[in-house]
Every structure is written in structure tokens, then in C-alpha cells.
Amino acid sequence: MTYGYENLKLEKGMYAQSGKSFSRVLESLDPSENYRGTAMEGLDAFQRQLKRFDIHVKGAGSDMVEKFFHTTDSAVLFPEFVSRVVRQGMESDILPEITATTTNFDGMDYRTIASVPTDDDKALRRVEEGAVLPTTAIRTQENLVKLHKRGRMLVASYEAIRFQRLDLFSVTLRQIGAYIARMHLDDAVQVLMNGDGNNNAADAYEIGSGSGKISGTAGTLTYSALLEFWSKFDPYSMNTMLVSNDVMLQMLKLSEFQNPLTGLNFQGTGTLSTPLGAKLLRTSAVPAGKLIGLDKNYALEHICGSEVMVEYDKLIDRQIERAAITSISGFAKPYQEASKVLTV
């Protein structure tokens, strides 16, 4: 049986179609739904092209990089391979754990929307028959949210990598993806703490004596202080905590975290269950001595300006000495009160 993917003409212009990734262009030319009930079911259009040119990208039997360049058509697949592996490295990040929604946007300056309810707005009062319903105002933010390009430069000549196994080359690409994801996480943490430029910095609390502070001794985290911090979130729910390395160590030493079930779960999976019911995420992107509590369902909007972009001309034409791998993203705060910061 002859399949359509075997005769598809590939050209680097497929990367330049506005609003469409290379994978989407391939899918439009060779829809996966045409392969239902066949041996190709479960493969997307790019994976079918790898099969067409007999390119193995995983495992001990993976091919060498040079196999992508045996023909002009197969060389066109190499930038998409690089992009996919970089995205794999980005997927190991904790960013999806703190994001309420992701918005795809084509541009560099984005204006988000926000609702700033008063205490009266938050109370869903009874409405008498014929009375006017209370309103919740949603408006665009005054200032634009700026998106930032983050990336890494792939510096390697074709001669240096042509005889490397694709599986080994993928390790480096995944690491590049992890670096880019870390840069985006840094941006997200800064927005959670300081706002997105629309006067919406998180409410900040500090452990210590004095008016407006969380009770306790400065520099020492206690379970009582965590409870006070947790109580500040009403009507939101503190279901996620981002903590720095030093705060994580203090938290692990609390007696409330040392019951047998918590210890067993942490030792077996590396995941710490908290008595407050929040998901605990440790990252060096949070400054030392800081703890960020947030309601994951409302605190952060991820604006994705582009997927992972690769300089396809250089990669296809084998001039791989310097090829940029970039991603454009930004972050906005739909609800200011959904995230708060505690200084230990």
C-alpha cells in the first residue's frame, strides 16, 4: 500500500508560513486521520517523515546526525527535530504547575484584562425579585505586558557533530530547553512578586514582631507563621507554594512535616506533602528567605509569543556554526490578591 507521506515534497519554505509551525504545515499536507486503522496510526506527520527516511532518533541504535543530510528533503526535517527535543527539555519545568492559563499571542506587547473586586463584590448577596444583579467589572489593564525573548546559541560546526548519535545530541538540546525554561520561570517569579507593570505587586508579609507582621522571630520559619500566612488568602486558596532552597530546608525540619507518611512519601518520590494541602515547589528562582504562596487557578497568565524558534536556514544548509534557539514569553497577573510573598 502506498501512503501519501512517502511522496511529500519537503522544502524549507514550510517553516516560513505565517501563523503555522512546520508540524502544522506537515499535518495539513498529510493529515493523521488518513492513517486510522493502519500501521501508521499513532504517528504524527513529522514522525511519519522520520520513518520515510529511516531516521532513528532514540535509543542505543539511533542514527548519526549526518543521516538527516543524506537528501535535500530529509535535511528540511532537522530544525523541527531540534525544536522538538528542546521543547522536551522545557517540559520538565515547574512553570505549568503555577500557571492558570496560557494565551498564544503574535507580538511583543500584550494588554491583558483584569477584575479588581471590592469586598462587597466578593460577597454573593441574595437578590430580591426584580432587583438589579450586582456587577463584576472586567477591564483591560492600563499598561502593556512586555514579552521577552529568551534563548541559547547553538555553537557547533557540522563536522563536529555529524558523526554523533542523535540520542547523545538530544541530551545537549534538552539541556538548552531546560535553560530556556529556567529563564521563563525567573520572569514568572518576578511577576508574581512585583507585578506585571500594572500596580499589582503581591502583598508582602514578614516574620517578626511589630504591627502588620507575621508573628515569630525574624529568620525562623514556624508552623504557626505558615498558618497565619495561609489565613491571608481568603477568599482564595493557597494551593501552591514556591520556596527558595533555604526556606525549603527550614520547612523540612518542622516537626509537623516529620510524621511517618510525609517522610515516606518524600523519600520515595521526592514530593513533599504539606499539612496545609498546598503543592510545594522548590526553585532557586525564588530569592533566598522568600516563600511565595499562590492560588494556581487565578495567579498567573502565561503569554506565549512564539513556540521554540530555530534558525532553519543555517541548520538545513549545514552552516551550524551559530544557530539561535529562542522562545518568546511573558507573564501577567489577572488577580493581584491570588499571590502573596512571605519573608522569613
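In the predicted model, F78 has a relative accessibility of 0% and therefore counts as buried, the cut-off being under 20%. F81, at 3% relative accessibility, is likewise classed as buried. Both phenylalanines belong to helix 4, where they are three residues apart, about one turn of the helix.

The secondary structure of the protein comprises 11 helices and 14 strands.

Two packed helices are described by the angle between their axes and the distance between the axes. For helix 4 (residues 78-91) and helix 7 (residues 166-194), the axes come within 6 Å and cross at roughly 55°. Helix 4 is therefore oblique to helix 7. The crossing of helix 4 past helix 7 is right-handed. On the side of helix 4, the contact is formed by F78, F81, V82, V85, V86, Q88, G89 and M90. Helix 7 contributes L166, F169, S170, L173, R174, G177, A178, I180, A181 and H184. Classified by residue type, this contact between helix 4 and helix 7 consists of 12 nonpolar, five polar and one charged residues.

Aromatic pairing was examined next. A pair of aromatic rings is described by the distance of the centres and the angle of the planes. The structure contains 14 aromatic pairs. In one of them, the ring centres of F78 and F81 are 6.1 Å apart and the ring planes lie at 25°, so this pair is stacked, planes under 30 degrees apart being counted as such. Ring pairs also join F78 and F81 with F68, F69 and F169 in a cluster. Of these residues, F78 and F81 of helix 4 and F169 of helix 7 also take part in the contact between the two helices.

The burial of F78, with 0% relative accessibility, was noted above. A further aromatic pair is formed by Y298 and Y335, whose arrangement is edge-to-face, with 5.9 Å from centre to centre and 90° between the planes. Y298 is located in the loop between strand 10 (290-294) and strand 11 (301-304), and Y335 in the loop between strand 13 (323-332) and strand 14 (339-343); the pair therefore ties together parts that are 37 residues apart in sequence. Y298 has a relative accessible area of 39% and is thus partly exposed. Y335, with a relative accessible area of 26%, is also partly exposed.

Terms used:
Residues are numbered from 1 along each chain as its sequence is written. This is a predicted model: local features need pLDDT of at least 70, side-chain atom pairs count only at pLDDT 80 or more; totals for chains, interfaces and linings use all residues. Side-chain values use heavy atoms; hydrogens and water are left out. Axes are lines fitted to C-alpha atoms, for helices over the stretch in contact, and angles run from 0 to 180 degrees between N-to-C directions. Helices (H or I, at least four residues) and strands (E, at least two) are DSSP runs, numbered from the N terminus. Angles under 35 degrees count as roughly parallel, over 145 as roughly antiparallel, 65 to 115 as roughly perpendicular and the rest as oblique. A crossing is left-handed if the near helix is turned anticlockwise from the far one by less than a right angle, and right-handed if clockwise. Contact means heavy atoms within 4.5 Å. Ala, Val, Leu, Ile, Met, Phe, Trp, Tyr, Cys and Pro count as nonpolar, Asp, Glu, Lys and Arg as charged, and the others, Gly among them, as polar. Rings of Phe, Tyr and Trp (its six-membered ring) pair if their centres lie within 6.5 Å; planes under 30 degrees apart count as stacked, over 60 as edge-to-face and the rest as tilted. Buried means under 20% relative accessible area, exposed over 50%, partly exposed in between (1.4 Å probe, protein chains only).
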